[in-house]
Amino acid sequence: MKIKNTILTLFPLAIFLVLWEFYSSLDDKNMFLFASPSRVFNSLVENIFSGLLIKDFYITAYEIISGFVIGNIVGCLLGLSLWFSKTIAEISRPYVIALGSIPIFAIAPMMIIWFGTGIFSKIMMVILSTILIAITQSYEGAKNVNVEQVNLLKSFGASNNQIFTKLILPSSLLWVFNSLRLNISFAILGAFIAEFISANEGLGYRILKSSGLYDIPLVIASIILLIFLAFLLNGMIGLIEKKLNIIEIYR
Amino acid sequence: MIIKLSNITKTYNHSEIKTKVFSSLNLSIEENEIISFVGPNGCGKSTLLNIIANIDNNYDGSLEKSSEIKTSYMFQKDLLIPWRNALNNALLGVEIENNVSKLTKEMADKLFVKFMIDSKVQSFPSSLSGGEKKKVALIRTILPSSDLILLDEPFSAIDFQSKIMLYDYLYGYFKKKRKTVIIVTHDIEEAINLSNRVIVFNPRPEGICKIVNIDISDNDRNSVKFRNSPDFSNYFTQVWDCFNGINRIK
């Protein structure tokens, strides 16, 4: 059944690749504009073995994973801790909405000015891209805890800290994991934009540079590595979810 | 006296419509006493329990409680925590009072055996039946060192055989541990079986109809024998008369 599902999942991709290869082979213009799966594959293998894409992948993965981890941990801690004070939660709500509505592209140049052109500004961009979603999602999780269960703990004389550790924190995990999954694409976007604006290495930089040189196979090869990075993060989150038995327990 | 309710009036305000649940309700509850609230749906039994538990503070009148009184509350819903297994759910109250010890764990194991769910100790709530969940919630409520135990329809999903056995065990347990217990139930027989006093409620907003004292020695508390005695049917009639509108205290 699993093999059948995998074949079915890969089927549309296979059709797409065949059609793409066929279309590009029709004339040179098509090949120049759209490259072809075989050329993309060659470029990918060639640049991985030359070490160019390995280095770019490592830099971008480093920026994304560190920013993703810091942004989510800090965001979730802030969001969950808002449960302790309804007043602070209410006061901070419009600020979170305002900050969340700013396009990340608009902030990127300032981040470069404030934190320099090095890796730190890229990590900060990833943190900024993920932290607000982590705050709002984890606070929603904390807010949506069953009130009757909170009353049950109160009836036993539980302190706020006990209610938080025994009920709020574990029951918000489902929301926290949803925010992690949502944040994968935002983290990649944050790092990509930062590299796009100012960098001399990384997949975002590689895409910008190779598209300037009309090296479409390398552009697509770099995009494939970004997608691979997204799958990698998704897989890691899935593994932690499985380890914590989240889906089974919240069923 | 452990609790004294004086002139308690409770009104619900829903979109400018005021619904009076009961008014000027007076009741004293003594230490180590087991009492039951019986009455029709919506007469305010659970509301009164919430007031006593300090969950509902929106009422008129006064509630006096002995200082430092510890309370355990079993709500109508089992409210088991899904990521804790049955044993860890049962130990929740004890954990909150920072009293988890080898002794409390042994006591929990003993209660799981007495409640006939010892094979479910490691099971998560999603795999327990409604009755099994209620039993775990009941263990969670009686395990802590609380002085006052509030039980809102504790036996509602439990099978008849288990109920009869649990009545006898729990009555002995509460008396031995010197607990004060308030039980909300719809079942008159259950109330008579388990209580020293049955507080009978009239439909909303009339409040208490009458108080029936169950004067039977602890030694004669065997549920099956007691149910066959003339005393039992006499108590039953006294409660039932109130439901029929006879002997109402106005």
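Start with chain B as a whole: a compact globule of 250 residues would have a radius of gyration near 18 Å, and chain B agrees, because its value is 18 Å. That radius is taken over C-alpha atoms, and the globule rule is 2.2 Å times the number of residues to the power 0.38.

This is a predicted model: local features need pLDDT of at least 70, side-chain atom pairs count only at pLDDT 80 or more, and totals for chains, interfaces and linings use all residues. Residues are numbered from 1 along each chain as its sequence is written, while chains are lettered from A and ligands numbered from 1 in the order in which they are written.

**Stop 1: chain B**

Show the C-alpha trace of chain B. Along its principal axes the trace spans about 50 × 45 × 35 Å. Switch to cartoon: chain B has nine helices and nine strands. Helices (H or I, at least four residues) and strands (E, at least two) are DSSP runs, numbered from the N terminus.

**Stop 2: the sheet**

Find the open sheet of six strands in chain B, in the order β5-β6-β7-β3-β8-β9, with mixed pairing. Two strands pair if DSSP finds at least two bridges between them. β5 and β9 (208-213) of chain B stand at the edges with a single partner strand each, so one side of each lacks a neighbour in the sheet.

**Stop 3: strand β3**

Select 34-38 of chain B. Are these residues buried or exposed? Five of the five residues of β3(B) are buried, so the strand is largely enclosed by the rest of the structure. Buried means that 20 or more other C-beta atoms, placed from the backbone, lie within 10 Å of the residue's own.

Now look at the partners of β3(B). It pairs with β7(B) in the parallel sense over five bridges. There, B:S36 has B:I183 as its bridge partner. Four bridges join β3(B) to β8(B), also running parallel. B:F37 stands opposite B:I199 in β8(B).

**Stop 4**

Four bridges join β5(B) to β6 (residues 148-152) of chain B, and the two run parallel. B:Y73 stands opposite B:L150.

Key:
A residue is buried if 20 or more other C-beta atoms lie within 10 Å of its own, exposed if 12 or fewer, and partly exposed in between; C-beta atoms are placed from the backbone.
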